[in-house]
There are 2 protein chains.
Amino acid sequence: MTAVSEPLSKARLRVWLKLLKTSNGIEAEIRRNLRDRHNTTLPRFDVMSALARFPEGLKMSDLSTYLKVSNGNVTGIVDKLTEEGMAQRVAVPGDKRAQVARLTEKGKTEFENLASHHENWIDTLLDGLSLEDLETLSDTLERVLAQSTEKERADA
Amino acid sequence: MTAVSEPLSKARLRVWLKLLKTSNGIEAEIRRNLRDRHNTTLPRFDVMSALARFPEGLKMSDLSTYLKVSNGNVTGIVDKLTEEGMAQRVAVPGDKRAQVARLTEKGKTEFENLASHHENWIDTLLDGLSLEDLETLSDTLERVLAQSTEKERADA
DNA sequence: TGGTAATATTTTAAGTTTGAAATTTTAGAC
DNA sequence: GTCTAAAATTTCAAACTTAAAATATTACCA
């Protein structure tokens with residue numbers, strides 16, 4: 001570490017800690033709202049959100065990759081959603097190993113309700129940011145994202 | 001929701017998802033590095049980091065509040081660090097209920113080593129951000145933080 | 001066709017985290 | 001002084017997550 005680059009690396013560290021604090025703070029608020037107001041959890045919401053984005057359904061393994069959680073974890077969450085009639089498993093024609101998870105009509109309705117509230121929570125939490133702020137922030141994050149996903153590939 | 005504010009709330013939602021993805025990506029990289037290169041975990045690093053910031057030690061409950069994890073969780077992590085000689089519990093004079101956790105010399109040395117690597121990882125991950133980027137990002141996050149900590153107080 | 005490797009998922013065991021109960025000690029009211 | 005409420009910590013049970021083993025099926029090559 002050179003004397004010149006030192007302040008920059010300290011500044012980066014401080015910003016990372018602030019970014020983490022912000023992200024954790026928002027996530028905690030969402031978890032609280034989901035638990036207290038809708039009697040559900042973030043992992044369940046995440047799965048429903050992924051399934052809503054792919055109406056034709058997602059293979060269990062694709063769901064796991066998409067959400068970056070383990071296969072076993074997805075199995076458990078989809079099990080619960082299925083018990084409650086929110087999701088269903090559909091056999092994949094021509095491959096008896098695979099199953100596709102998809103939302104039921106009930107699940108779709110429930111998710112749309114949750115998603116609408118979720119959008120409002122975020123809207124309130126990011127109240128202070130203008131369109132211009134959002135664009136700048138988005139660009140900045142994009143650059144960081146590029147770096148960290150590059151790292152990810154190198155580690156794998 | 002009015003027609004005019006609708007695009008703004010969608011933009012906020014997209015930015016939140018990107019912020020979350022960025023934060024999770026960096027955190028995952030840090031966890032990987034701690035595990036693969038230093039045989040430790042993020043929660044342990046967080047506790048050591050908090051104790052390093054307060055050389056005189058922190059009460060278990062203060063540690064819990066500071067890190068925003070449960071009391072029981074802190075007990076377990078400090079137990080392990082103590083077993084390994086990284087931390088120690090010190091009785092608080094005048095209050096037999098309370099104990100202060102602090103780093104041992106060994107723990108301090110170990111943390112300084114970890115922290116130095118950690119700073120380098122962050123430095124690399126935030127490579128693409130100039131001092132100006134960092135300042136703008138910091139200001140933006142500050143505004144969001146103000147909002148979410150306000151929410152937090154309202155919920156509690 | 002047979003056999004081996006690869007793929008998809010579930011099951012299992014171990015480790016984390018939490019919230020609440022239990023334990024011990026302190027503070028304050030009367 | 002005694003009693004009760006509050007405070008600090010630990011213990012405990014339940015929920016969640018992961019990595020790896022187990023199971024079932026498919027793909028491919030020889």
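**Entry 1: chains A and B**

I began with the contact between the two protein chains: chain B gives 50 residues and chain A gives 50 residues, where contact means heavy atoms within 4.5 Å. I am working from a predicted model, in which local features need pLDDT of at least 70 and side-chain atom pairs count only at pLDDT 80 or more, while totals for chains, interfaces and linings use all residues. Residues are numbered from 1 along each chain as its sequence is written, chains are lettered from A and ligands numbered from 1 in the order in which they are written, and side-chain values use heavy atoms, with hydrogens and water left out.

Next I looked up the area. Chain B and chain A bury about 5400 Å² between them, 66% of it on carbon and sulfur atoms; buried area is the accessible area (1.4 Å probe) that two parts lose on being put together, summed over both. Arg12(B), Trp16(B) and Glu119(B) supply 14% of what chain B buries against chain A, more than any other three residues.

**Entry 2: polar pairs and helices**

I then asked how many salt bridges the rule finds across the interface of chain B and chain A. There are eight, a salt bridge being a side-chain nitrogen of Lys or Arg within 4 Å of a carboxyl oxygen of Asp or Glu. I noted the salt bridge between the side chains of Arg143(B) and Asp133(A), at 2.9 Å from N to O.

On the chain B side, helix 1 (6–38), helix 5 (105–125) and helix 6 (131–155) each supply at least two residues. Helix 1 of chain B gives the most, with 20 residues. Helices (H or I, at least four residues) and strands (E, at least two) are DSSP runs, numbered from the N terminus.

**Entry 3: Ser148(A)**

Ser148(A) sits in helix 6 (residues 131–155) of chain A. Is Ser148(A) buried or exposed? Ser148(A) is buried, with a relative accessible area of 2%; buried means under 20%, exposed over 50%, partly exposed in between (1.4 Å probe, protein chains only). Leaving out residues up to four places away in sequence, Ser148(A) touches Gly25(B), Ile26(B) and Leu125(B).

**Entry 4: DNA strand D**

On to the DNA. Of the 20 residues around DNA strand D, Lys96(A), Arg97(A), Ser61(B), Thr75(B) and Gln99(B) come nearest; a residue is near a strand if one of its heavy atoms lies within 4 Å of it. Sugar and phosphate make up 74% of the atoms of DNA strand D that come within 4 Å of the protein.

I checked phosphate oxygens of DNA strand D. One is 2.5 Å from a polar side-chain atom of Ser61(B), one is 2.8 Å from a polar backbone atom of Lys96(A), and one is 3.0 Å from an N or O atom in the side chain of Asn73(A).

**Entry 5: DNA strand C**

Of the 21 residues around DNA strand C, Lys59(A), Ser61(A), Arg97(A), Gln99(A) and Lys96(B) come nearest. A side-chain N or O atom of Lys59(A) is 2.8 Å from a phosphate oxygen of DNA strand C.

Key
A polar contact is a pair of N or O atoms within 3.5 Å; within protein, one must be able to donate a hydrogen and the other to accept it, and residues adjacent in sequence count only if both atoms are side-chain atoms.
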